[in-house]
There are 2 protein chains.
Amino acid sequence: MSVTVNEIAAKCNVSRTTVIRALNNQSRISDETRKKILDTAKEMGYRPNLLARSLNKGRSMMIGMVAINMENLVFVETLNAINNALQSRGYSLNIALNGEDCEAEKCRIQEFADRRMEGILLSPVNKGPEFEQFLLSLNVPIVCIGNHVSDRFSTVMVDEAQAARDAVKLILSKGYQRVVFVCPPLSVVAERNVFSHVQRASGFHAELDLHPEIERIVITGDNYFEQLSPILETLEKRTAILCSGDIYALNIMRQFKELKIRTPRDVGIMGFDNISVLDYIVPRLTTVSTNNTNIASVAVNELINHITDQNAVSKKIVLPHQIMDMETL
Amino acid sequence: MSVTVNEIAAKCNVSRTTVIRALNNQSRISDETRKKILDTAKEMGYRPNLLARSLNKGRSMMIGMVAINMENLVFVETLNAINNALQSRGYSLNIALNGEDCEAEKCRIQEFADRRMEGILLSPVNKGPEFEQFLLSLNVPIVCIGNHVSDRFSTVMVDEAQAARDAVKLILSKGYQRVVFVCPPLSVVAERNVFSHVQRASGFHAELDLHPEIERIVITGDNYFEQLSPILETLEKRTAILCSGDIYALNIMRQFKELKIRTPRDVGIMGFDNISVLDYIVPRLTTVSTNNTNIASVAVNELINHITDQNAVSKKIVLPHQIMDMETL
DNA sequence: TTGTAAGCGTTATCAT
DNA sequence: ATGATAACGCTTACAA
C-alpha cells in the first residue's frame, strides 16, 4: 500500500539504517548516497508512518480534549483556541464529547489514554475522589478547564465567585432592588460537576449578604421561564436577572421581546460568558467575560509544561474575568 | 511506564500468545489460565496500547476532519454531528483547521495521512486538478462536504443553486421589486474554493433571468455594509437582501436596528444556512436550511463505506434543502 | 561511511 | 491448550 523505509533500502541497495540517516537529515552518510536515497524516496512517494514512529519513540504528539458538547458556544470558542495553540506547537488535537454523561466521559478519557495521547484537556462532568483516582491511574498529564477536580491536576479557571460578586455589584450600583439568579440545577452537585455554577451562586449570595435590603430570588432548572413569570407580574421593585450563562439570558430576552417587556427599562438582564454571538444581539447584553480564548491558551501551555516536565507541580491558575457593562442593565 | 502483554506473560509464567488469547477473549485456552491472566491483568492495570494495535492491524480507527475554522457556526454544527456519528461507530475524531489558508490545508491533510487516518472529511478550500492529484496520491478515502473538488471524491452537499433559486422565488412571491445578493468575494474563484457561494450566485441569477422586470444588485466583499448604504437611500422600490450566509444577514440586521430601519417593513432580509443561534434573534430570520447535521451523518456514512469497501464508487450526494419562511421577508 | 541487531507493543500463523 | 516466530514500520545503540 504505502512505501516503507525497507522498500527504499532495497531499491537503493543500502541498509534500512542508511535510509533513515538520509531521511532524517542525520550525519555519518555520504552526500552521494544521501542524494540517491532522497531522490528515490521522493520518486516513490515515501511518507513516514507516524503511528510507527509514535510507537517507537513513545511520543504520539497527540493531545485529547474531552468536552461536553459543541452546542454550548463557550466550549466551541475554547476548542477553537485550543486547536490553534496546539497546531502551532506541532501537536494534533483529538476531540471527544461526553454529552454531559459521566460514564461516557470516563470512556472517552480512557480511550484517549489507550491511544497514548500525550496529554488530556478536560472540562470535567465527573467529580469526587473516585474520579480523581481514575484520572491518576491513567498516568497521563491532565489539565482541567473551568471545573475543578482535585489539587492533583492543574486547573485553569476564572474566579467565578468573585465574578458573580462583581456582577451583583454592578447590578446594585444601578439601583436595582431585587435580583434574580438563574442557573442550571445545582441539586445534582453530589453526582455531577457543576462547579462553576455553584461558585457563581455562592458569589451571588455572598455579595447580597452585604445588602440585606435587597430581595433575592434563585431560579434553577429547565423551566426557568415559567418560574420567572410570577416574578414579572410584580414589578414594583426594580428587578434585574443575573443568568449563569448567556444562553439563559438570550432565551429570556427573546421571550421578553415577544411579551413586549422592555430591557432594561422594565427588567434588567445580565449574562455570563460573553459568547461571541452576542455581537449580533440587540440590545447588547451586559455580561461577564470569562476570557475563553485566554483560558484555552494558558491551559495548553500548562499541559505542555506537564508533558515536558514530569515533575511540574499542579496548580490552580486563576485568570482575570471582565465585567462587560453594555446595554441591558 | 505502562503495563504490557509481556509483563503479564512473565508474571503468569505463560507466553505472550496465551495472554493475548485471554485478553481478547479467544478460544484454545483453558478457563483456568484465562482467569489467572485476566485477574493479574486487571490487578496490574493493563491497558492495550492502541498505537501498537493500529500499527499491527493496519487500522487506526481514527478519522480526520479538516475544517476551515470554528468561528463559522455552520462548521461547528457539522463538526458536532460528525463527532457523534463517528463516536457511535467506534472511530475517534481528529480535527484540524486551515484558517482558509490553502497551504495550511494541504499540510493538515498530509499530516492526517501520515498519521494513518483511515479516512478524511474535508470542507476544501483548495481546488483544481493539482489539488485533486495531491489528494489522490494520499491513498486515503476522502469525502468532501459542501465544496466540490472532483468526481474522484464523493461530495455531500445541497443543491445550492436550486436553493438560491427557491430563495429568490420566495422573495418574489412576496412582491419585492429589487433583490440584493450579498456574498463573499467570488473573484478569488480561480485560486480558492468558494464553490457553494458561486453556486448560490448562479442560482440567484438564473432565477432572476426569468424576471427581467426585477432589479438585481450583487454586493461582494468585506465592506458590504458600505456598499449597501447608497442602495438603502432609494427605497422607492420594495427591496429584499439575500445573504449567502446567515452571519451577513445578522450583521446587517444589527446595523438596521441601530439605523431604525425596520425589517421587513422597510427592507426584507433573507439568510442562508439556518445556523442555530437564529433561535435567539428577533425577528426570526427567514433563511434556507442546509441541514448541516444531516449532511454530516450522510458524509460519515459515505466515508465509512469507502473505508470498508475499497471499490466503492464516488458519487455526488445531494441532500434536500429547506426554505424557512420566517419573519424577515 | 555503512550495516547489524534489538526493540516499541500488539497480533497472526503455524507448530507442538 | 500452549508456545515460538515473524510481522507492522520506524528508531537507536553498537559494530564493522
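Modeller: Let us begin with one term: a residue is near a molecule or strand if its C-beta atom, placed from the backbone, lies within 6 Å of it. Please keep in mind that this is a predicted model, in which local features need pLDDT of at least 70 and side-chain atom pairs count only at pLDDT 80 or more, while totals for chains, interfaces and linings use all residues. Residues are numbered from 1 along each chain as its sequence is written, chains are lettered from A, and ligands are numbered from 1, in the order in which they are written.

Colleague: Which residues come nearest to DNA strand D?

Modeller: There are 25 residues around DNA strand D, and they come from both chains, as the names of the nearest ones show. Those that come nearest are A:T4, A:V5, B:V14, B:R28 and B:N56.

Colleague: Which element gives the most to the surface near DNA strand C?

Modeller: Among the nearest of the 25 residues around DNA strand C are A:V14, A:R28 and B:V5. At least two residues each are supplied by α2 and α4 of chain A, and by α1 (5-12), α2 and α4 of chain B. The element that gives the most, with five residues, is α4(B).

Colleague: Which strands stand at the edges of the sheet?

Modeller: Two strands pair if DSSP finds at least two bridges between them, and in this model twelve strands form an open sheet with mixed pairing, in the order β11(A)-β5(A)-β4(A)-β3(A)-β1(A)-β2(A)-β2(B)-β1(B)-β3(B)-β4(B)-β5(B)-β11(B). Two of these strands have a single partner each, so one side of each is left without a neighbour in the sheet, and they are β11 (316-319) of chain A and β11 (316-319) of chain B.

Colleague: Which residue of β2(B) is the bridge partner of A:L93?

Modeller: Within chain A, strand β1 (residues 62-67) runs parallel to strand β2 (residues 92-97), joined by six bridges. Between the chains, β2(A) and β2(B) pair in the antiparallel sense over three bridges. In β2(B), the partner of A:L93 is B:I95.

Colleague: How many residues of the side of chain A that touches chain B come from β2(A)?

Modeller: Two residues are in contact if their C-beta atoms, placed from the backbone, lie within 7 Å, and 41 residues of chain A are in contact with 41 residues of chain B. The elements of chain A that give two or more residues to this side are α4, α5, β2, α6 (102-114) and α11 (246-258). The largest share comes from β2(A), and the number is six.

Colleague: Which residue of chain A comes closest to the rotation axis?

Modeller: Copies are superposed by least squares on the C-alpha atoms of residues with pLDDT of at least 70 in both, and chain A can be laid on chain B with an RMSD of 0.1 Å by a turn of 180 degrees and a shift of 0.0 Å along the axis. The two copies are thus related as by a two-fold rotation axis. At 2.2 Å (C-alpha), the residue of chain A closest to this axis is A:N94.

Colleague: Is B:R116 buried or exposed?

Modeller: Most residues other than glycine have a negative phi, and most peptide bonds are trans. B:R116, in the loop between α6 (102-114) and β3 (119-122) of chain B, has a positive phi near 60 degrees. Because 21 other C-beta atoms lie within 10 Å, B:R116 is buried.

How values were computed: Helix = DSSP H or I, 4+ residues; strand = E, 2+ residues; numbered from the N terminus. Buried ≥ 20, exposed ≤ 12 C-beta atoms within 10 Å, placed from the backbone.
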